[in-house]
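Please look through the structure shown here with its strands, cores and charged pairs in mind. The paragraphs that follow lead from a single side-chain contact to the sheets, the cores and the salt bridges.

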Amino acid sequence: MQHAAKAPTCTENGWDAYETCSRCDYNTYAEVPALNHDLVRHDAKAATCTEIGWNAYDTCKNCDYTTYAEVPALNHDLKQHAAKAPTCTEPGWDAYETCSRCNYNTYAEQPALNHALVQHDAQAPTCTEIGWNAYETCSRCNYNTYAELPALNHDYQAVTVDPTCEADGYTVFTCSRCNDSYTADPTDKLGHQFGAWSPNGTGSQSASCLRQGCAHTGRTDCRKFTFRTAEGEALTFCPVCGQAENAAQLEMIDAATAWAASGSLSAEDVTARTNGEYLSVAFETAGSLTQPTGRVKLALPAGLLEGKKLVRIAPDGTQTEMPFETERGKLIYTLDFANSELPVMLFRLVPQPTAL
């Protein structure tokens, strides 16, 4: 009887074709031993969060033998991340997850918002307050384009107000931009500069102010003095306005000057008056007599006394001739007020005999 061959496998024996006898145990059977596996080595592959892996394993080239053993996917090892709101200039994100083993993440960026701009008008600086140009601010953050303009400070222009007879002078400083002003540099008022005083016929006297633009007329009461001029005769007069009783009016001598030689004069303007017979010398301010002290130099024009000599008359009538010096066409007399209680002196102009 014929028997088909059977090839050996990796794990099982085989045989060649053989014969057996149906009547006896005759056979030509010859076993072919198992081939054993022809192994191929495969490297391991680590499992990931999303994919399976395996250990190193063998397979057979000739059969489906394998030592393959699957390693399951690890799944993600998640880490939670807090959300961050976007700002005007920086992006933000929602809460998201990342895996500690792989680059898996659910991060989703939210774009920056950009500034929500608010427009602001410019304000010009003033002398005392700052200003600014037009600028923008953001309603969500502290962004701004504000740029301060410093205060200008005052631009003062000076206008000088000169003193007048009755008002002090000063300088007004006014700002050319805002009209702020202040006054400084005060100067005393000038006081009236009176001309010659004239009698009013009522025991008073008046004089107009000589300063330009001043229309003031001063009025004061006369202060009269009486001097004995001869036996039984006297002269009563006002040395300021020159009004005289029982004598001609004493007129001002404009060319007369005086200055202190010793002591002092409370006013430098001398009032010298004459009617051709008498001459009075006094010192006054604004119509009021002032009292000299010490010695006073008096200068008279030489022509005034041509052919005459000057004799002082004391209040009691005593008469004393006055010595003089000549200087530059002037006659210089020294008047001694040191022991005088009166602010006035009276002199007689005595004619000199004409030389033959």
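The model is a predicted one, in which local features need pLDDT of at least 70 and side-chain atom pairs count only at pLDDT 80 or more, while totals for chains, interfaces and linings use all residues. Residues are numbered from 1 along each chain as its sequence is written, and side-chain values use heavy atoms, with hydrogens and water left out.

Ser204 belongs to strand S21, residues 204–208, where helices (H or I, at least four residues) and strands (E, at least two) are DSSP runs numbered from the N terminus. Ser204 is buried at a relative accessible area of 13%; buried means under 20% relative accessible area, exposed over 50%, and partly exposed in between, with a 1.4 Å probe and protein chains only. Leaving aside neighbours within four places in sequence, Ser204 is in contact (heavy atoms within 4.5 Å) with Ser198, Pro199, Thr220, Asp221 and Cys222.

The sheets come next, and here two strands are said to pair if DSSP finds at least two bridges between them. Three strands form an open sheet in the order S23-S24-S25, with antiparallel pairing. Its edges are strand S23 (225–230) and strand S25 (244–245), each of which has a single partner strand, so one side of each is left without a neighbour in the sheet. S23 pairs with strand S24 (residues 233–237) in the antiparallel sense over five bridges, and within S24 it is Leu235 that stands opposite Phe227.

Another open sheet, of four strands, has the order S27-S31-S35-S34, again with antiparallel pairing. Strand S27 (257–260) and strand S34 (325–327) are the edge strands, each pairing on one side only. From one strand to the next the twist averages 30°, the axes being lines fitted to C-alpha atoms, for helices over the stretch in contact, and the angles running from 0 to 180 degrees between N-to-C directions. Inside this sheet S31 and S35 pair in the antiparallel sense over seven bridges, and Asp336 in S35 is the bridge partner of Arg295.

Strand S28 can be followed through both its burial and its pairing. Five of the five residues of S28 are buried, so the strand is largely enclosed by the rest of the structure. Both of its faces are covered, with Val270, Ala272 and Thr274 buried on one side and Thr271 and Arg273 buried on the other. S28 pairs in the antiparallel sense with strand S26 (residues 251–252) over two bridges, Met252 standing opposite Arg273, and with S29 over five bridges, also in the antiparallel sense. In S29, Phe283 is the bridge partner of Val270. S28 and S29 form a hairpin with three residues between them, and Gly276 in the turn has a positive phi of about 90°.

Which residues have the most contacts inside the largest nonpolar core? They are Tyr333 and Leu335, in a core of 22 residues; a nonpolar core is a set of buried Ala, Val, Leu, Ile, Met, Phe, Trp, Tyr and Cys residues joined through side-chain atoms within 4.5 Å. Strands S28 (270–274), S29 (278–285), S31 (295–301), S35 (330–336) and S36 (344–351) are the elements that give two or more residues to this core. Not counting residues up to four places away in sequence, Leu335 touches Val281, Gly294, Arg295, Val296, Leu298, Met322, Met345 and Phe347. Apart from this core lies another, of 19 residues, among them Cys222, Cys241, Ala244 and Tyr278.

Side chains of opposite charge can pair when their charged atoms come close. With a salt bridge taken as a side-chain nitrogen of Lys or Arg within 4 Å of a carboxyl oxygen of Asp or Glu, the count comes to eight salt bridges. One of them joins Glu277 and Arg348, whose closest N and O atoms are 3.6 Å apart. Glu277 lies in the loop between S28 and S29 and Arg348 in strand S36, so the pair ties together parts that are 71 residues apart in sequence. Glu277 is partly exposed at 39%, whereas Arg348 counts as buried at 16% relative accessibility.
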